[in-house]
Amino acid sequence: MKDFLLIFRNDYKSTSQHSPEELQAVTKRWMDWIGGIAAQNKLTDKGNRLEPSGKVVRSSELITDGPYTETKEFVGGYIAIKAASLDEATEIAKECPGLSIGATVEVREVSVL
Amino acid sequence: MEQQEFIPHLFRTEYRKITSVLCKLFGIDHIEIAEDIASDTFLMATELWSIKGLPENPTAWLYTVAKNKAKNYFKHNQIFRDKIVQQVQYSTSEIHEIEIDLSEKNITDSQLQMMFALCHPAISTEAQISLSLRILCGFGITEIADAFLSNKETINKRLFRAKEKLRIAQVKIEFPKEKEIDERLETVLTTLYLLFNEGYYSSSQDTSLRKDLCLEAMRLTFLLVENKQTNTPPVNALLSLMCFHSSRFEARTDQYGATILYQDQDKSLWNEELINKGKYYLSEASQGNRVSKYHLEAGIAYWHTLKTETTEKWESILQLYNRLLLIEYSPIAALNRTYALSKANGNAEAIIEAEKLKLTDNHLYHSLLGELYRGVDATKAILHFKTALSLAKSPADKMLISNKILDFEKKA
């Protein structure tokens with residue numbers, strides 16, 4: 001088994017266009033999806049959501065506000081899973097309920113230091 | 001109570017009290033001496049009472065005899081006296097006169113401290129449960145062997161090794177320090193939880209023994225609730241969970257000893273009093289801001305006590321299982337979650353999810369798939385039930401699965 005990080009990116013604007021009911025339904029399906037991964041004993045970290053505001057440091061002199069929620073590729077959260085291969089991890093990612101409201105999932109194998 | 005029943009009952013309740021008090025006094029190194037004195041006391045009681053009849057106050061009689069035996073032991077055992085008596089001196093200057101305090105308060109305190117000592121991480125959980133059954137619950141070796149579907153020899157060996165390990169680890173019989181309590185309680189709660197499960201799910205055919213295990217687990221958990229320092233939200237949540245589960249005790253076995261599944265139970269047999277107690281402890285558990293796995297399991301058990309099938313019921317159970325699995329994976333939680341999923345989201349989705357679990361050597365996995373395929377694909381359903389039957393070990397499980405297969409064949 002290998003470790004993978006699933007990074008969720010979303011379009012902040014389009015997410016806010018959905019009704020509270022729609023978002024609530026996504027939350028339920030999200031919990032069912034995570035619960036399903038955990039039920040297969042493949043969830044290694046339930047992960048977290050990230051606050052929308054922050055800072056970006058490029059060099060010690062260059063610190064800007066951001067990341068900008070206007071950007072489409074805004075990192076909103078992550079979870080960690082284990083899977084036999086990148087393909088298997090990708091299959092799990094394909095079922096992420098966020099995909100239906102415009103989110104993307106980046107699947108990255110963890111390279112242990 | 002008839003004398004034949006009265007003595008074993010008294011043995012259980014008083015043996016554990018005397019042993020705990022003496023153990024506390026002597027220290028973990030001399031746990032066997034404490035056990036021997038308690039056993040001798042009861043041997044003498046059985047012999048004498050069968051000839052002379054019961055004394056007026058059997059408990060007081062037992063305490064007096066136990067005290068005298070302990071004092072005699074001190075007198076006649078030079079090494080023990082030199083080593084121990086000095087340590088157990090409190091304020092008396094008299095070296096030979098030792099105080100054996102069998103007051104209710106000291107009994108409770110000793111039992112609580114023993115609970116922490118026996119549920120020590122130095123020994124395996126199986127050994128913790130066996131030792132707890134022997135010393136905290138006063139169970140006989142045969143009873144413990146029956147509960148574990150094992151034999152006396154194995155249990156004796158297990159107890160012996162466990163005591164040896166506790167000695168080597170120099171485990172102290174004392175109350176954990178204030179800041180250590182939560183951490184130490186965790187091990188104690190795990191043992192009590194497993195002790196309860198051993199009774200609730202064990203494959204032993206002896207239903208009254210199984211009920212006793214559950215009651216003992218509840219009694220010990222209740223001791224923790226009654227004590228101010230250990231009356232924490234997770235302890236209350238665990239007790240609540242035990243109350244909710246045991247409310248279905250009368251409904252879950254038929255007259256032949258076969259298991260009756262939740263959905264087929266006669267709900268009028270569910271015990272309202274225990275359900276209400278469960279609700280009480282659950283509300284006590286909701287103080288504080290930490291959600292333990294016992295909180296989630298008590299929540300799941302609470303929803304199961306509702307007799308009407310609603311979408312809300314199964315959706316709530318499903319979400320609690322989702323959260324439980326995030327804290328801790330277990331095959332049984334994964335299977336139960338998938339059953340809740342079928343009730344909340346439908347069988348089609350649940351079948352896909354169930355097949356991902358791949359718990360192919362677990363009979364419950366095949367039973368679940370058999371259930372899910374009911375009304376969807378009868379051939380697959382029967383096939384899964386037949387695999388389940390070949391994997392099941394306990395007679396109660398086998399009977400249950402055979403009946404399911406018979407039902408299908410009748411309909412076909």
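Predicted model: local features only at pLDDT ≥ 70, side-chain atom pairs only at ≥ 80, totals over all residues.
## A guided reading of chains A and B

Directly following helix α6 of chain B, B:Gly138 adopts a positive phi of about 70 degrees.

The buried residues of α6(B) are B:Ala127, B:Gln128, B:Ile129, B:Ser130, B:Leu131, B:Ser132, B:Leu133, B:Arg134, B:Ile135 and B:Leu136.

B:Cys137 lies in the loop between α6 and α7 (141-147) of chain B. Its relative accessible area is 0%, so B:Cys137 is buried. Setting aside neighbours within four places in sequence, the contacts of B:Cys137 are B:Arg12, B:Arg16, B:Ser132, B:Glu216, B:Arg219 and B:Leu220.

A disulfide is a covalent bond between the sulfur atoms of two cysteines.

The packing of helices in chain B can be followed from helix α2 (residues 31-52). Helix α2(B) packs against helix α3 (residues 58-76) of chain B at an angle of about 130 degrees, and their axes are 9 Å apart. Because of this angle, α2(B) is oblique to α3(B). The crossing of the two helices, α2(B) and α3(B), is right-handed. On the side of α2(B), the residues that meet α3(B) are B:Ile33, B:Ile37, B:Asp40, B:Thr41, B:Phe42, B:Met44, B:Ala45, B:Leu48 and B:Trp49. Their counterparts in α3(B) are B:Pro58, B:Trp61, B:Leu62, B:Val65, B:Ala66, B:Lys69, B:Ala70 and B:Tyr73.

Helix α2(B) also crosses helix α8 (residues 152-168) of chain B, at roughly 135 degrees, with the axes coming within 10 Å. The pair α2(B) and α8(B) is therefore oblique as well. In this contact, α2(B) contributes B:Ile31, B:Glu32 and B:Glu35, while α8(B) contributes B:Phe160, B:Lys163 and B:Arg167.

B:Thr232 occupies the loop between α10 (207-226) and α11 (233-246) of chain B. With a relative accessibility of 12%, B:Thr232 counts as buried, the cut-off for that term being under 20%. Apart from its neighbours within four places in sequence, B:Thr232 contacts B:Asp182 and B:Leu185.

B:Ala298 belongs to helix α13 (residues 293-304) of chain B. Is B:Ala298 buried or exposed? Its relative accessibility is 0%, so B:Ala298 counts as buried. When residues up to four places away in sequence are not counted, B:Ala298 touches B:Ala237, B:Ser240, B:Leu241, B:Phe244 and B:Leu282. B:Ala298 and B:Lys211 stand 87 residues apart in sequence, with 19 Å between their C-alpha atoms.

Chain A remains to be described. Chain A contains three helices and six strands, and the order of its elements from the N terminus on is β-α-α-β-β-β-β-α-β. Of the 113 residues in chain A, 34% are buried. Where contacts in chain A link residues at least 6 apart in sequence, 78% of them join residues at least 24 apart.

Confidence in chain A can be stated both for the chain and for its elements. The mean pLDDT of chain A is 88, and 89% of its residues reach 70 or more. Within chain A, confidence is lowest in helix α1 (residues 12-16), where the mean is 67. Confidence in chain A is highest in helix α3 (residues 86-94), at 97.

Notes. Residues numbered from 1 in each chain as written. Chains lettered and ligands numbered in written order. Heavy atoms only, no water. Buried < 20%, exposed > 50% of the residue type's maximum accessible area, 1.4 Å probe, protein only. pLDDT = per-residue confidence, 0-100. Helix = DSSP H or I, 4+ residues; strand = E, 2+ residues; numbered from the N terminus. Axes fitted to C-alpha atoms, helices over the stretch in contact; angles between N-to-C directions. Parallel < 35°, antiparallel > 145°, perpendicular 65-115°, else oblique. Left-handed = near helix turned anticlockwise from the far one by under 90°. Contact = heavy atoms within 4.5 Å.
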